[in-house]
Every structure is written in C-alpha cells, then in structure tokens.
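Here are my notes on this model, point by point. Please read them with the structure open.

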Amino acid sequence: MLDATTQQVFSQDLPDQQPFCRIQKIEVTPVAFADPPLLNSVGVHEPYALRAIIVVHTDSGHYGLGETYGDEVHVNRLRRAAEELINADPFNLNVISRLVSASLRQDDGQGGHGTGGMVTTTSLDDRVLSAFNVACLDIQGKILGLPVSTLLGGAVREHVDFSGYLFYKWAAHPGQEPDKWGPAEDPAGIVAQARIMVNDYGFRALKLKGGVFPPDQEAAAIEALHKEFPDIPLRLDPNGVWSVPTAINVGHRLESSLEYLEDPCLSIADNAAVRAEISLPIATNMCVVSFADLPPAMDAKAIDIVLSDHHFWGGLSRSKLLSGFAETFGLRLSMHSNSHLGISFAAMIHLAAATENIDYACDTHWPWKRQEDDVIVPGVLSIQEGRVKVPTAPGLGIELDPQALERMHQQYLDSGLRQRNDTGYMQSIDPSYELKSPRW
Ligand SMILES: O=C([O-])C(=O)C[C@H](O)[C@@H](O)C(=O)[O-]
Ligand SMILES: [Mg+2]
C-alpha cells in the first residue's frame, strides 16, 4: 500500500499533494487467443498466444487498460506490483514506476519474458511497469477528456502506418483445419501471402520473418517480393541466427531490394562487424532492448534503427525517452510487435502518433488474430490502406468488453498453456528440431 511502502521506497518525503483520485483495485487477467502456426528462428507459434490484461480502477469511478505478456511468471510479477499500487495516484507516473520497482526487489529476474526465448535481456522493471504506465495514462486521458497521444506531447500524424508482417507458416496446426492464409514454406508461398496482406489491408511496407529456412531461400523470397511489389519497401528479420559471414553475404545480395535488415546477428559486436561491410541500415529489437544497451551499441556503430516496443521499454512515457535518445544520437525508430490484442494496438498507435521520429511503418501481428478474439469493444481500430486512424476519444479511445475478457480468460484456462514455448511446441512435432545460434 502506498503510504506504508512509501516510507521504504523513497529517500525523501513525497510532496504533500492531494491526488485527484487514487487506485482502488487492479485486476490482472491472463487470456489466450488463437494463433496460426507461424514459424520463426526458435520454433513455431503454439495454437494459442497468451496475454495479460490489466484493469486499473480508481476511487473516482474511472478505469484504465493495459496489456502485456501472459507467461505465468510475468503474471505473478504483475500481481505483486498491482498490490503495491493500491492507493497510488495514477497521475504520478514517477511514483508508479518506483512502486513497481520496489515490488521486484527480491525478484531473481528469471523467465516470464513472453517472447518465446527471442528477446531475453530486457529490463525487468521496464517490462513489468509498461502495462501499468499505459493503464494510468488511459485513466488520465479519461479524466481530462484527452486522448493519450495528447498526453504524450500531441499527435503529429492523424494515421499511423503499419507494415504487413509476413511469416513462413504451415497450412494448419497438426490436427486442425487449414486457416485462410494457407501454407507459406517457399518464396511463392510468401508472395501469395503478401498478396493477401496487400489486398486486404493495403500495406505499403512488408516485413518477412526469416531465420527459418537457409538464407539463400529467404533472400530469394525477398527478391520475389521485390519483383512482385517493386514500390513497396521490404525488411528481412532472421532474429539473429546468421553468422557474420552469412549476414555480410546476404546483406550484399539484398542491398538493392531491402529497406533495412533486422537483427542479422545476435550480438552488438557481430552486428557491428556486419554493418561495417554492408551499406544496408541495420535495425534491432534483439541486441538493443533496454536503455543499458544503447551506449555500447552506439560506440560499436552496430545499428541504425531501434524497433521500439513499449512492452519492454517501460511503457509509453519511457518510450518517449528512447525517442529523445534516438533524436540526439542520430538513430531512427521503427516499432516491434509480438502477437497482441486491441489494448496493445491502441497503445502502439498513440505512441507512434505522438512520436515524430517513429517514422518507419510499424510492425504489427494484428492481421494474424481472428477479429472475434479480443477484449475490447470492436470497431475503433482497423487497418485500411496500410494505416490506422489514431483514436481521438479520451484515453486510449477504446472500451473493455467484460464478457469478452471472461471468454478469453476461459480460453486461457482451457488452453492449458502457461508460458510461450515455440521451441517445445516445435519439438513435440519434430523431435529432431534443435535450437542453434548461429544456425547458418
Ligand atoms: O524480432 C521480431 O521482430 C520479433 O520478435 C517479432 C515476433 O516476436 C515474432 O518473431 C514472433 O512472435 O514469432
Ligand atoms: Mg525483429
């Protein structure tokens, strides 16, 4: 509780301010939603993706929404943090941040990343803080009658551009009916998938999730996409499973067909070695995933672009700090996405709307989820012509559908899944599958 904990957490007294409202109750609910068999460098997506939904209630009768990873270890951390936040002022984001950190003091920091083993060195405090930061901003916006983008400094764009996120995939999960996307296990399959993305959503940038097949085949897929969509900027992301020589070879081969190459190698040093040899910009959401990674990456001249992600950069307020760093040190910003629902999508849209230098089309998994799988009232967020109109209603501009939340929590209970494990799922289908880094 704030008053008791404050004594331990703060070295000096808080200013004597009467808050407009206080946090009265926080619900943390894990949910699951159907996910296709999307292939990546660590295995394959399981039939359900997990998320945690945060609903923060105030004594003024308002509520705010946050969404984050649904791994059980993470959910337990969220619940511990939630206990600390009772009575806190949702307008004092600095205190919210300190209280979340205080709740994690005894934590060993292991597990609960929710990213299938792909991004594991993010800041624990920032990862747990994020959803609470978003929920508090949602509350502030609702009370003030202002959209979150205004609270973040003001929207500089009316629409946010997104990229069509292409995945190698199977036709179906074992034992299930094929989904509408069909299989994509070669360049022709990827081009067919891209046609659906471009026709249905109008995307004007495309990203291919690589690291699945030998690099020559993935380079051929990019060349096939470039031929089919000569005016659409393309990105390739093998999630760090290439060696330096492989990355340099592919980088040379794709110099004229890619907009940027994402995480060709895993470490800052290896990406720096690649960047020294190729002219393509290198983007990352793997070797720079917290503020502590920025100085060494800049020293090594390893990267040109950071894929921001408010889920692991401490929420929307700290993502604005990242934007200031990028502006100061000449980095560009794009945006990373995991499988997500509408609350995360709204938060991503407000952040990108209010951040001048997030000027690449952002990643989103949005098209991969079924429309009926969400916890918000539908209709506000939709991708048309590759972009989403920024909500202008107060807060995040979305509303919780409590029945949908209940249904999706039941889906979580029934799924039996308690942590994301792409590798384990792949090995249950192909026992010879091994994790390798680098793989090629
Ligand atoms: O590096 C990236 O862009 C990602 O990690 C995005 C997603 O996590 C994606 O690869 C996934 O979920 O398989
Ligand atoms: Mg990436």
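**Notes on the model**

1. Ligand 1 is surrounded by Leu38, Asn40, Thr115, Met118, Lys209, Asp237, Asn239, Asn285, His336, Asn338 and Ser339. A residue counts as near the molecule if its C-beta atom, placed from the backbone, lies within 6 Å of it.

2. This is a predicted model: local features need pLDDT of at least 70, side-chain atom pairs count only at pLDDT 80 or more, and totals for chains, interfaces and linings use all residues. Residues are numbered from 1 along each chain as its sequence is written, while chains are lettered from A and ligands numbered from 1 in the order in which they are written.

3. What is the shell around ligand 1 made of, by class? Two residues are nonpolar, seven polar and two charged. (Ala, Val, Leu, Ile, Met, Phe, Trp, Tyr, Cys and Pro count as nonpolar; Asp, Glu, Lys and Arg as charged; the others, Gly among them, as polar.)

4. Where does ligand 1 lie relative to the domains? Domain 1 (2-147) and domain 2 (150-396) both give residues to its shell, so ligand 1 lies between them. The bounds come from an automatic or database domain assignment.

5. Asparagine 239, one of the shell residues, has a positive phi near 50° and is not a glycine. It sits in the loop between strand S9 (234-237) and helix H8 (244-253). Helices (H or I, at least four residues) and strands (E, at least two) are DSSP runs, numbered from the N terminus. Asparagine 239 counts as buried, with 23 C-beta neighbours inside 10 Å. The cut-offs, with C-beta atoms placed from the backbone: buried is 20 or more other C-beta atoms within 10 Å, exposed is 12 or fewer, and partly exposed is in between.

6. Asparagine 87 also has a positive phi, about 85°. Its loop runs between helix H2 (72-85) and helix H3 (93-103). Asparagine 87 is partly exposed, with 17 other C-beta atoms within 10 Å.

7. Strand S7 (residues 164-167) is covered on both faces: Gly164 and Leu166 on one side, Tyr165 and Phe167 on the other, are all buried. S7 pairs in the parallel sense with strand S8 (residues 206-209) over four bridges; DSSP must find at least two bridges for strands to pair. Leucine 166 has leucine 208 of S8 as its bridge partner.

8. A cis peptide bond joins serine 437 and proline 438, with omega about -5°. Proline 438 lies in the segment after helix H14 (422-429).
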